[in-house]
Amino acid sequence: MMVTREMNTEVIGFERLKEDYLDCPDFRETYSALATGDERIIGDFMLEDGYLFRSQKLCITKTSLREFFVWELHAGGLAGHFGQAKIIAAIENRFFWPSLKRDVSRLVKRCHTCQLAKQRKQNIDLYTPLPVPNQPWQNVSMEFVLGLPKTIRKHDSVCVVVDRFSKMAHFLPYSKTFDASRIAKLYFDEIVRLHGLPKTIVSDRDVKFTSYF
Ligand SMILES: [Zn+2]
């Protein structure tokens with residue numbers, strides 16, 4: 001059989017699959033039926049050299065291999081953070097597993113690079129509901145009040161850092177000439193020292209400033 005011989009050369013490096021089929025909730029039954037019975041084909045499934053194929057697509061067991069494929073195609077080497085449809089098509093071309101579409105959607109949604117790109121495109125802060133904080137100093141907001149009378153130490157602005165959980169606030173005097181890096185340092189010296197690193201920061205400054213953090 002020409003087709004299967006070609007497929008077998010493609011699956012070199014996937015030796016581990018052969019052992020994983022019997023532990024895999026998705027393929028266990030079909031695999032053992034094919035491995036122990038007389039039939040070489042059951043429905044769309046076929047066993048070849050210890051590998052399970054469905055409609056000539058290699059079946060991938062419920063292991064990290066699935067995530068690996070999705071990430072490779074979405075964010076790996078030459079991949080360009082394509083959307084779900086493209087990745088699903090690329091995987092379906094050669095491989096099969098039942099939850100493929102759901103897995104791709106879940107993983108792509110988690111991609112940090114895509115999220116940042118989206119944020120840049122639209123001012124997402126306005127439309128996305130913020131996570132509900134359940135611990136103090138995990139989610140903070142920062143507000144910048146500029147143009148106040150100068151203090152003795154030449155500070156003319158205040159950065160108000162509020163813990164969204166306890167509503168506790170810190171007021172950090174600074175000068176409006178401070179750039180993002182100096183404000184970040186101020187934040188670390190005053191807030192992180194006391195409360196640790198937050199999970200999210202919402203600020204009325206632009207996205208560039210927030211992502212600098
Ligand atoms: Zn991405």
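Helices, of at least four residues, and strands, of at least two, are DSSP runs numbered from the N terminus. Keep that in mind for the labels on this tour. The model is predicted.

**Stop 1: colour by confidence**

Start with the whole protein. The average pLDDT is 81, and 85% of the residues score at least 70. Now select strand E3, residues 51-54. Confidence is highest here, at a mean of 95. Then select helix H1, residues 2-10. Here confidence is lowest, with a mean of 41.

**Stop 2: Thr-61**

Select Thr-61. You will find this residue in the loop between strand E4 (57-59) and helix H4 (64-75). Buried or exposed? Thr-61 has a relative accessible area of 1%, so it is buried. The cut-off for buried is under 20%.

Next, show what surrounds Thr-61. Set aside the neighbours within four places in sequence. Its contacts are then Leu-17, Asp-20, Tyr-21, Cys-24, Phe-27 and Arg-66.

**Stop 3: from Arg-66 to Asp-26**

Arg-66 is a contact of Thr-61, and its side chain also meets that of Asp-26 in a salt bridge. The N to O distance is 2.7 Å. Which parts of the chain does this pair link? Asp-26 sits in the loop between helix H2 (15-20) and helix H3 (28-36), while Arg-66 belongs to helix H4. The two are 40 residues apart, and the pair links distant parts of the chain.

Arg-66 counts as buried because its relative accessibility is 4%. Asp-26, at 30% relative accessible area, is partly exposed.

**Stop 4**

Then show the zinc ion. Which atoms coordinate the zinc ion? They are NE2 of His-74, ND1 of His-81, SG of Cys-111 and SG of Cys-114, at 2.0 to 2.3 Å.

Look at the angles next. The four donor atoms subtend 100 to 119 degrees around the zinc ion, so the arrangement is tetrahedral. For that label, all angles must lie between 85 and 135 degrees. The ideal angle for four tetrahedral donors is 109.5 degrees.

**Stop 5**

A search of the whole structure finds nine salt bridges. Two further examples follow.

Go back to strand E3 and select Arg-54. Its side chain meets that of Asp-44 in a salt bridge, 3.7 Å from N to O. Asp-44 is in the loop between strand E1 (41-42) and strand E2 (45-48), so this pair ties together parts ten residues apart in sequence. Arg-54 is partly exposed, at 27% relative accessible area. Asp-44 also counts as partly exposed, at 44%.

Finish at helix H8, residues 180-195. Select Lys-185 and Asp-189, which form a salt bridge with the closest N and O atoms 2.6 Å apart. Both residues lie in this helix, four residues apart, or about one turn. Lys-185 counts as exposed because its relative accessibility is 52%. Asp-189 is partly exposed, at 33%.

Methods:
Residues numbered from 1 in each chain as written. Predicted model: local features only at pLDDT ≥ 70, side-chain atom pairs only at ≥ 80, totals over all residues. Heavy atoms only, no water. Buried < 20%, exposed > 50% of the residue type's maximum accessible area, 1.4 Å probe, protein only. Contact = heavy atoms within 4.5 Å. pLDDT = per-residue confidence, 0-100. Donors = N, O, S within 2.8 Å, 3.2 Å for Na, K, Ca; no water. Tetrahedral: all angles 85-135°; square planar, octahedral: opposite > 155°, others 65-115°. Salt bridge = Lys/Arg side-chain N within 4 Å of Asp/Glu carboxyl O.
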